[in-house]
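Please look over the sequence and the model below before reading on. The text that follows goes through the structure step by step.

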Amino acid sequence: MESRIAERMSRLGTETAFSVSLEAREFAAKGNKIYPFHLGDMNIRTPQKIINAAKKAMDEGKTGYCPCAGIPELREALAREIGRSRGLKLAKDNVSIQPGGKPVIMKFMLAFMNPGEEVLYPNPGYPIYESQIKFHGGVAKPYGFRMSARGFSLDLGQIERLITPFTKIFIFNNYHNPMGAESDASEMAKLAKLCVKHDLLVLSDEAYFDITYAGKPKSIASYPGMAGRTLILYTFSKKFAMTGWRLGAAIGPEWMMEQINRLNVNDESCSNHFIQWGALAGLRSTKKETKQIIDTLRKRRDLACKLLNGIKGVKVFKPNSTFYIFPDVTDAMRNLGFDDVEEFRRFILETTGVSFCTRRHFGTPLESEEREFIRLAYSGIDLKDIREGLLKFKEAAENPEAAEKWRKNRR
Ligand code: PLP
């Protein structure tokens, strides 16, 4: 019967980070302690006001269908909030509520990419971009990043060289997973000009817009010529610690929203009704709680970066956004005799319980890449375990004999 599986399924990718979770779970099942730096899930509670408002909505019977684009109250509140934070003029009709941020990626490709068109996307990057481009018959063209004094930044020259007459879409994930890369205002202005010059539509994945630790975040949609061609991916997952609630939004010009709403009707009918009332309470009255979430994450980031930079052969920039760290482990690997970053990952997991992803979980490395990186998420692990885990990591990473022994035992 397997021959009946549709051909397009062979083009669908996945989040390979989930395979790391599986390995970690298997390791834990043998009675080992795991330090979970691998998944971007959160161990921080959703603010109680959101929980109470969702419960109240259920009690009040808000359990039936609602409009396919979402409840008007939430769309209006989000239009106000996104308009304020991004400097955009938005109204309810610029907002379409979604069952998470992730579905916006598939809906964008379905609505605005024709088969054979080229899409530029970040690599390393969130793996769903490449998966969805290919699944819907597009040509996935990865662009990379450069190391600079302020961390990772875009290579605008490379991006422009990649653009051909067939390039129609640019995917931008400022406040970037997995590198925490962040464009400053001047870089974003140049990028916006490039998008206008080549008439590109832009999917601006702003999942981490609100997870920034200093300065005022900016959206590419606010630059001249961009509002009419940019769709913002918004999510309640991170700012409100609501990953499992599954609520997000597509925000953009009305001509785009009409198409996205048509897809809503054909797919989920509407996002979960009572959860939208919870999210509305979140937008209205959780400033103190969302600040606490950021403060918690900031402390974790600071501790993790300090401990990682104390490990011989490990070098990390402290990112100003997201809850990810992307250390260069090339020298640590060399000191231990590893040339495969996945082997290095397994060695650390099996000798310390510290579980993380590697650069390979975020796309196939580009030819120009010479260094090896890993990605640690600190959203699902508290300070005590960050300290305990990373001290164990240090011990293992500075012990070539242990690495040699581990290799021998595997042979
Ligand atoms: N975009 C990026 C870059 C992400 O890292 C994630 C989740 O980790 C998402 C989008 C989707 O988030 P969600 O579907 O939880 O809203």
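The model is a predicted one. Its protein chain is divided into two parts: domain 1, made of residues 2-32 + 289-410, and domain 2, residues 64-284. Between the C-alpha centres of domain 1 and domain 2 the distance is 26 Å. To the contact, domain 1 brings 32 residues and domain 2 brings 39 residues.

The size of an interface is often expressed as the accessible area that is lost when the parts come together. For domain 1 and domain 2 the area buried between them is about 2,900 Å², and carbon and sulfur atoms account for 63% of it.

The polar side of this interface can be described next. Between domain 1 and domain 2 there are 18 residue pairs in polar contact, counting pairs with both residues at pLDDT 80 or more. On the side of domain 1 that touches domain 2, helix H10 (residues 287-309) gives the most, with six residues. That side of domain 1 consists of 14 nonpolar, nine polar and nine charged residues. One salt bridge is found across the interface of domain 1 and domain 2. As for salt bridges by residue, the side chains of lysine 102 and glutamate 15 meet in one, with an N to O distance of 2.6 Å.

Three strands form an open sheet in the order S11-S14-S13, and the pairing is antiparallel. Strand S11 (324-325) and strand S13 (357-358) are the edge strands, each of them pairing on one side only. The antiparallel pairing of S11 with strand S14 (residues 374-377) runs over two bridges. Isoleucine 325 has leucine 376 of S14 standing opposite.

The remaining points concern the backbone. Most peptide bonds are trans, and most residues other than glycine have a negative phi. Which residues are joined by a cis peptide bond with omega of about 5 degrees? They are asparagine 123 and proline 124. Proline 124 has its place in the loop between strand S3 (118-122) and helix H5 (128-135). A cis peptide bond also joins asparagine 177 and proline 178, here with omega of about 15 degrees. The loop that holds proline 178 runs between strand S7 (167-172) and helix H7 (185-197).

Arginine 246 is a residue other than glycine with a positive phi, near 65 degrees. Arginine 246 belongs to the loop between strand S9 (230-235) and strand S10 (248-251).

Technical notes
Residues are numbered from 1 along each chain as its sequence is written. This is a predicted model: local features need pLDDT of at least 70, side-chain atom pairs count only at pLDDT 80 or more; totals for chains, interfaces and linings use all residues. Side-chain values use heavy atoms; hydrogens and water are left out. Domain bounds come from an automatic or database domain assignment. Contact means heavy atoms within 4.5 Å. Buried area is the accessible area (1.4 Å probe) that two parts lose on being put together, summed over both. A salt bridge is a side-chain nitrogen of Lys or Arg within 4 Å of a carboxyl oxygen of Asp or Glu. A polar contact is a pair of N or O atoms within 3.5 Å; within protein, one must be able to donate a hydrogen and the other to accept it, and residues adjacent in sequence count only if both atoms are side-chain atoms. Helices (H or I, at least four residues) and strands (E, at least two) are DSSP runs, numbered from the N terminus. Ala, Val, Leu, Ile, Met, Phe, Trp, Tyr, Cys and Pro count as nonpolar, Asp, Glu, Lys and Arg as charged, and the others, Gly among them, as polar. Two strands pair if DSSP finds at least two bridges between them.
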